[in-house]
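Welcome! Here is a friendly briefing for anyone meeting this structure for the first time. Take a look at the sequence and the model below, and then read on.

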Amino acid sequence: MARTRKAILVDSRALSPSVRGLRFVTSDGAPVGHIAGQYLDLVVATPGGLPFRRSYSIASAPDVEHPEAFELAVTRVDGGPTSQALHDLALGGAVEIEGPRGTFVRRDEDRARAGLFVAAGTGLAPIRAMLTEEVRRTNGPPLVLLFGCRSPADVLWADELTAWESAYPRFRLHVTLSRAPVAWAGLVGYVQRHAPGLVRALPDVRAYVCGLSAMVEDVTAALERDASVPRDALRYETYD
Ligand SMILES: Cc1cc2nc3c(=O)[nH]c(=O)nc-3n(C[C@H](O)[C@H](O)[C@H](O)COP(=O)(O)OP(=O)(O)OC[C@H]3O[C@@H](n4cnc5c(N)ncnc54)[C@H](O)[C@@H]3O)c2cc1C
């Protein structure tokens, strides 16, 4: 039987108009024990009284100084009981957690190869965990992040991502906006439009794709069809 543990909310802040970043610690102080990219199953009490079980990717890398801590990034879904309860959870509030689970992780053999990371919205969460570890290894092949958002206000962890780009030559960031303001000078449209072009400059790439299934299907299909990325070089996680 899966072991259920309790986690306590210690920080909650807006990352964008629709996404909250939540920091939890395990109630007994035991390490979370995850590999960057994995998710937890949460059991969350809702105002109607029913507990809902949903999966959330861990947005933080394992932290040697605080192995009991983990971060989530939760999109508020209209009419969604669990995401709303998590947005409304007060500091000190508890959820049950099971896991960590999942195989959407950097495999050892992939670290020697270029990485293209493609995310939309909170699909960035597991990729942020992977990249937090990876960008610090200064020697290695390129790591390219293509991040799809609606508007500039929806770019999660924008300061962190731009700081990584200045600090780590391996890392390149491309943000594409589906509802770009007139003054926006960057990429526009959905991620699937730009992923094949970016991958052409990254020989023997491994691609990591995360978000809602329609986006993941479109991106992986475009990479296979338009950039000849072999299927076994594609890793993905879907949220629905
Ligand atoms: C492995 C895995 C990891 C996940 N990680 C995250 C995460 O890190 N952050 C996160 O916000 N969600 C994540 N999800 C989705 C999450 O589990 C819930 O489905 C979501 O919070 C909606 O739950 P709800 O009870 O509020 O609404 P429900 O009534 O259960 O969901 C309504 C609909 O919302 C849509 N939906 C689900 N997730 C999103 C989303 N992120 N953005 C927009 N629409 C969505 C789906 O189409 C779903 O059918 C993950 C799902 C899986 C399977």
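Which strands and which helix do the buried residues of helix 4 pack against? They pack against strand 7 (115-120), strand 8 (143-149), strand 9 (171-177), strand 11 (206-211) and helix 5 (213-227). Please keep in mind that this is a predicted model, in which local features need pLDDT of at least 70 and side-chain atom pairs count only at pLDDT 80 or more, while totals for chains, interfaces and linings use all residues. Residues are numbered from 1 along each chain as its sequence is written.

**Helix 4 and its partner**

- Helix 4 covers residues 191-199, and its buried residues are Val191, Gln192, Ala195, Leu198 and Val199 (buried: 20 or more other C-beta atoms, placed from the backbone, within 10 Å of the residue's own).
- Seen down the helix axis, these buried residues fall within an arc of 120°, so they line one face of helix 4 (the arc is that of the directions from the axis to the C-beta atoms).
- Helices (H or I, at least four residues) and strands (E, at least two) are DSSP runs, numbered from the N terminus.
- The axes of helix 4 and helix 5 come within 9 Å and cross at roughly 35° (axes are lines fitted to C-alpha atoms, for helices over the stretch in contact, with angles from 0 to 180 degrees between N-to-C directions).

**Two domains**

- The protein chain is divided into domain 1 (4-101) and domain 2 (108-238), with bounds from an automatic or database domain assignment.
- Their centres, taken over C-alpha atoms, are separated by 24 Å.
- Where they meet, 16 residues of domain 1 are in contact with 14 residues of domain 2.
- Strand 5 (residues 69-75) supplies four residues, the largest share of the side of domain 1 that touches domain 2.

**Helix 1**

- In helix 1 (residues 81-88), the buried residues are Thr82, Ser83, Ala85 and Leu86.
- They cover an arc of only 160° around the axis, which puts them on the same side of helix 1.
- Their packing partners are strand 2 (19-26), strand 3 (39-45), strand 4 (51-57) and strand 5.

**A look at Leu42**

- Leu42 lies in strand 3 and is buried, with 23 other C-beta atoms within 10 Å.
- Although Leu42 and Arg53 are eleven residues apart along the chain, 5.5 Å separate their C-alpha atoms.
- Not counting residues up to four places away in sequence, Leu42 touches Arg54, Tyr56, Val95, Glu96 and Ile97.

How values were computed. A residue is buried if 20 or more other C-beta atoms lie within 10 Å of its own, exposed if 12 or fewer, and partly exposed in between; C-beta atoms are placed from the backbone. Two residues are in contact if their C-beta atoms, placed from the backbone, lie within 7 Å.
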